[in-house]
Amino acid sequence: MELKSFIKSLTVMHLFLLIGLSIFTVWVYFQINSFNTSTTGQGIFLYTVPIFAMLGYFGSQWVFKKMSSKIKLENRLEEKLKKYQSALHIKYALIEVPAFIGLFAYYNTANALPLVISVCLLAYLAAQRPNKEHIINSVPLTPEEKSRIQQA
């Protein structure tokens, strides 16, 4: 496995997820094109969106740390990177799903709260961009493996 192509594929995957969610956010906003801040008559959406957002935010961190901690130092670098990639996929999914739920809620209610929560999750997803330093800090690596990644 070539490290440059691995890092590039992670970056491209992250970028596509980010662009897709951004486009959907803009589309939903322009479909509704209004806000209301009423807390009455909004039904269950007003309560479930923040709960899903918190579960997605904290769950993504917890699951990623749990999966990353299961990577063993003795494994080959390729195997470590595949497990890291799987952990990232799940982390991104746990962030994106609540954002889509929030956008769906905004589309149905025009309440600004779900839209704001979804935009915050979008910003958090953008901050999770994969890079060499993140790999080095998240995966247990030997000094030789660290230098290979830094040189990639």
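Val12, Leu15, Phe16, Ile19 and Ile23 together form a nonpolar surface patch of about 470 Å². One of these residues, Ile19, sits in helix H1, which covers residues 3-32. Ile19 is classed as partly exposed because its relative accessibility is 39%, and the limits for that class are 20% and 50%.

The model is a predicted one. Mean pLDDT for the chain is 91, with 97% of the residues at 70 or more. Among the elements, the highest mean, 95, belongs to helix H4 (residues 112-127), and the lowest, 88, to helix H6 (residues 143-151).

The chain contains six helices and zero strands. Read from the N terminus, the order of elements is therefore α-α-α-α-α-α. The C-alpha trace spans about 60 × 25 × 15 Å along its principal axes. Of the contacts with a separation of 6 or more, 80% join residues 24 or more positions apart.

From the surface, the description turns to the interior. The chain has 152 residues, of which 39% are buried. The largest nonpolar core has 35 residues, and Phe6, Leu10, Tyr84, Ile135 and Ile149 are those with the most contacts inside it. At least two residues of this core come from each of H1, helix H2 (45-69), helix H3 (77-109), H4 and helix H5 (132-138). H3 supplies the largest share, eleven residues.

Apart from neighbours within four places in sequence, the contacts of Ile149 are Leu3, Leu77, Lys132, Ile135, Ile136 and Leu141. Ile135, one of these partners, is also among the core residues with the most contacts.

His14 counts as buried because its relative accessibility is 2%, and the limit for buried residues is 20%. With neighbours within four places in sequence left aside, His14 is in contact with Tyr92, Leu125, Ala126, Gln128, Arg129 and Pro130.

How values were computed. Residues are numbered from 1 along each chain as its sequence is written. This is a predicted model: local features need pLDDT of at least 70, side-chain atom pairs count only at pLDDT 80 or more; totals for chains, interfaces and linings use all residues. Side-chain values use heavy atoms; hydrogens and water are left out. Patches are made of residues with over 30% relative accessible area and no salt bridge: like charges are joined within 9 Å, nonpolar side chains (Val, Leu, Ile, Met, Phe, Trp, Tyr) within 5 Å. Accessible areas come from the Shrake-Rupley method with a 1.4 Å probe; for residues, only the protein chains shown count as cover. A salt bridge is a side-chain nitrogen of Lys or Arg within 4 Å of a carboxyl oxygen of Asp or Glu. Helices (H or I, at least four residues) and strands (E, at least two) are DSSP runs, numbered from the N terminus. Buried means under 20% relative accessible area, exposed over 50%, partly exposed in between (1.4 Å probe, protein chains only). pLDDT is the predictor's confidence in each residue, from 0 to 100. A nonpolar core is a set of buried Ala, Val, Leu, Ile, Met, Phe, Trp, Tyr and Cys residues joined through side-chain atoms within 4.5 Å. Contact means heavy atoms within 4.5 Å.
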